[in-house]
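Subject: Structure handover

Hi,

Here is the structure for you to look through.

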Amino acid sequence: MTGSSSATFDSKLFLANVSQRPGVYRMIGADGEVLYVGKARNLKNRLTTYFVGKAQAAKTMAMVSQVANVEVTVTASETEALLLEYNLIKRHRPRFNVTLRDDKSFPYLYVTTEQEYPRISFYRGTRKLPGRFFGPYPNARATRETILLLQKLFLLRPCSDSFFANRSRPCLQHQIKRCSGPCVRLISPEQYGQDVNDAIKVLEGKGAELVDDLAQRMEEASQALEFEKAARLRDQINGIKAIHSTQSVTRNATEDIDAVALVSHGSDHCVSIVFVRGGRNLGSSNFFPKPGIAEAGELLSGFLAQYYLGREAPGEILINEQIEDADTLEQALSERMERSVRIRPSVRGVRARWLEMARTNAELGVKMRRATEATGVEQLQAMQEVFNLPNPPARIECFDISHTMGERTVASCVVFGPEGPIKSDYRRFNIEGIAPGDDYGAMRQALSRRYARVKKGEAPTPDVLLIDGGPGQLAQATEVLTELEINNVLIAGVAKGADRRPGQERLFLPGHELPTVLPPDSPALHLIQRVRDEAHRFAITGHRARRGKARTQSVLETVPGLGPRKRRELLRQFGGLQGVTRAGIDDLAKVHGISRKLAQSIYDTLHANG
């Protein structure tokens, strides 16, 4: 690693000594912030373009003007440089790099093929478990719809293993013809295994082959006078044909392909990915990367590296624009996946249709984004006018309190910016040490904890602080910020109207006796309602989770001799407190560590009021 640092960066001295080998460079600001991370086939040539020659784009010049140091790491190859660049961007999140906000993993459909009666389920996470994974799907809804479809066709079980292992009679899924009842062995393992294999063929895109096989089995069942079995096979054939009639499928496709299209309009950029697995279109997902100093080609290249180096890549990636380092990225992905991965900018036939579909989705995504941003700008400007602020607010925070009769109180803090919710900055506070139902005390505790961190510089100061409530809650917020000497924050209480209907909210401001009531069509009111509703949602989901956990633990905690380890094992074996409550003494006694005497005690405790 090499570097150079001074009060004013000496680019001539630096460039005279930099290597011409492949590597990664980091632009460092005066305060030590990593401004930008880049890779290069030839470090000297690439870095020279920043400091010598023709004028750069405005954003690049703005970045270069802040450079106080450049650090360089020489690598053995371009592929190694690409991987190092990816890891450094992920670690430092430089503001001048392409940034991908949505970093969550995509859902998969998981089949536990090693079990006697395999389960089909929704899955998100590491794919190191035994069994088969299919996907990724663009969203949870698409995954669950596929599971439901396979349940209808092949009657596979979706239930958890603990639920499956403790059934004495079929559940509702069997009654509504969504499961063949393997939990009570209404179907043999061999017959069930055949259904699982048939479902896997559909997921692999081998529907046409499966239809031929099912037709043969239907004919054999008819000749053997097994008409009920033949009718079910007929329904499966019709169901598979219906799926294929609504999918864009290549004739003999077994490939996994992603069609990736970038569309830019001004400063707005959308990348849309159409997911094709086994020749079937599973849907699409849109991303809105921030380009930093990247131009269109570099933006797509940066997106592909960040996206695919962090998850499984398909065999083919179709792109709507040429990228300079496609060969390096291909090699890196192929080595990482231990199989061939191709990046193709020029395609024909059905692949071209998929790519056009991705481009159309990206176009629509940009238009919707621009429309949403326009609405957001209008709302922020309206809020500026309503509250007489010098500028439209760049950061809005809102607090809400949730509890049930004073039990397990939770406070929420949600944050909104010009682009909408900033979910990474959301916080929940478990409230302790107050009288049950003391909303004022709960609000004061949450605000004190939050704004003590703001005072220390550990969190940004908002422009507007909204409190769900009236003058009492507003007074608590005003006192907390005054005590912490936090100024220049507009505080407003948001109280519902007389009949609690939307559009009748009253805004309470410090120093104003009478509330402000905005007209129902006010853009500022619409933004306030959206922020307040999000704070309420975030608070109540946190409270319900805390209450549910407490109730689950509290009942079992009263059983003498039942320690934390045995409680966890009980809940795991029976899938939760409800399953434990339904279990008989004999079932409880089968759990490791639970004697018959303890099982009797558990049963008596859970059924004390029964």
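I start with arginine 450, which lies in helix H14 (residues 439-455). Helices (H or I, at least four residues) and strands (E, at least two) are DSSP runs, numbered from the N terminus. This is a predicted model: local features need pLDDT of at least 70, side-chain atom pairs count only at pLDDT 80 or more, and totals for chains, interfaces and linings use all residues. Residues are numbered from 1 along each chain as its sequence is written, and side-chain values use heavy atoms, with hydrogens and water left out.

**Arginine 450**

Is arginine 450 buried or exposed? With a relative accessible area of 3%, arginine 450 is buried. Buried means under 20% relative accessible area, exposed over 50%, and partly exposed in between (1.4 Å probe, protein chains only). The side chains of arginine 450 and glutamate 397 are joined by a polar contact of 2.9 Å. A polar contact is a pair of N or O atoms within 3.5 Å; within protein, one must be able to donate a hydrogen and the other to accept it, and residues adjacent in sequence count only if both atoms are side-chain atoms. Leaving aside residues up to four places away in sequence, arginine 450 touches Arg395, Glu397, Phe399, Cys413, Val415, Asp425, Arg427, Phe429 and Ala459. Contact here means heavy atoms within 4.5 Å.

Strand E5 (residues 108-111) is covered on both faces. Tyr108 and Tyr110 are buried on one side, Leu109 and Val111 on the other. Two strands pair if DSSP finds at least two bridges between them. E5 and strand E6 (residues 120-123) run antiparallel and are joined by four bridges. Tyrosine 110 has serine 121 as its bridge partner in E6. E5 also pairs with strand E7 (residues 132-134), in the antiparallel sense, over three bridges. There, leucine 109 has phenylalanine 134 as its bridge partner.

**Aromatic rings**

Rings of Phe, Tyr and Trp (its six-membered ring) pair if their centres lie within 6.5 Å; planes under 30 degrees apart count as stacked, over 60 as edge-to-face and the rest as tilted. By this rule the count comes to 15 aromatic pairs. One of them is tyrosine 25 with tyrosine 50, edge-to-face, at 5.8 Å centre to centre and 65 degrees between the planes. This pair links distant parts of the chain: tyrosine 25 is in strand E2 (residues 23-29) and tyrosine 50 in helix H2 (residues 43-51), 25 residues apart. Both tyrosine 25 and tyrosine 50 are buried.

Tyrosine 110 and phenylalanine 133 have ring centres 4.5 Å apart and planes at 10 degrees, so the pair is stacked. Tyrosine 110 lies in strand E5 and phenylalanine 133 in strand E7, so the pair ties together parts 23 residues apart in sequence. Tyrosine 110 counts as buried at 8% relative accessibility. Phenylalanine 133 counts as buried at 18%.

Ring pairs also link Tyr25, Tyr36, Tyr50 and Phe51 into a cluster.

**Charges over rings**

A charge sits over a ring if NZ of Lys or CZ of Arg is within 6 Å of the ring centre and within 35 degrees of the ring normal. The charged end of arginine 157 sits over the ring of phenylalanine 164, 4.1 Å from its centre. Arginine 311 lies over the face of tyrosine 307, 4.0 Å from the ring centre.

**Strand E8**

How many of the 10 residues of strand E8 (residues 256-265) are buried? Seven are, and the strand is mostly covered. E8 and strand E9 (residues 268-277) run antiparallel, joined by 10 bridges. Histidine 265 has aspartate 268 as its bridge partner in E9. E8 and E9 form a hairpin with two residues between them. Glycine 266, in the turn, has a positive phi of about 65 degrees. E8 and strand E11 (residues 316-319) run parallel, joined by four bridges. Valine 260 has isoleucine 319 as its bridge partner in E11.

**Glycine 302**

Glycine 302 is found in helix H11 (residues 296-308). It counts as buried at 19% relative accessibility. Glycine 302 and asparagine 97 are 205 residues apart in sequence, and 8.2 Å apart in space, C-alpha to C-alpha.

Best wishes
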